[in-house]
Amino acid sequence: MMRILLCCSAGMSTSMVVQKMQKAASQRGLAAEIEAVGMEEFTRKIADYDCCLLGPQIKYKLAEFERNAQEYKKPVAVINTMDYGMLNGEKILASALALIDANKGA
């Protein structure tokens, strides 16, 4: 089972994205645990997940979060603003899967 962490300023807006991603994963027949948290929970949670996607509103935290996640060899990326705004769970899930796959090959 893949585990994807989404992180935004408070974890609220991203919870809608989680629902869309879970639906997309289900349609693909993928077992996925997807959770949205506020940025203050990132450091405590990242070790338990395969990757983390940041909401566009906190993209300024990317470098800091990448440094923290490096300890656990976990990739971090920012969700595409258009996909986030359109709640495109399929595209965001695809981004997460690509991030996980790239990390496995690293």
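Predicted model: local features only at pLDDT ≥ 70, side-chain atom pairs only at ≥ 80, totals over all residues.
View 1. Residues are numbered from 1 along each chain as its sequence is written, and side-chain values use heavy atoms, without hydrogens and water. Cys-8 lies in strand E1 (strands are DSSP E runs of at least two residues, helices H or I runs of at least four, numbered from the N terminus). Cys-8 is buried, at 1% relative accessible area (buried is under 20%, exposed over 50%, with a 1.4 Å probe and protein chains only). Residues touching Cys-8 (heavy atoms within 4.5 Å) include Ser-13, Thr-14, Gln-57 and Tyr-84.

View 2. Thr-14, Val-17, Val-18, Met-21, Ala-24 and Ala-25 are the buried residues of H1. They share one side of H1, because their arc around the axis is only 130° (taken from the directions from the axis to the C-beta atoms). They pack against E1, strand E2 (32-38), helix H4 (81-85) and H5. The face turned away carries exposed Gln-19, Lys-23, Ser-26 and Gln-27. Gly-29 follows H1, with a positive phi near 75°.

**View 3. The largest nonpolar core.** This core has 21 residues (buried Ala, Val, Leu, Ile, Met, Phe, Trp, Tyr and Cys joined through side-chain atoms within 4.5 Å). Helix H5 (89-105) is among the elements that give two or more residues. H5 gives the most, six.

Definitions and conventions. Lists of a residue's contacts leave out its neighbours within four places in sequence.
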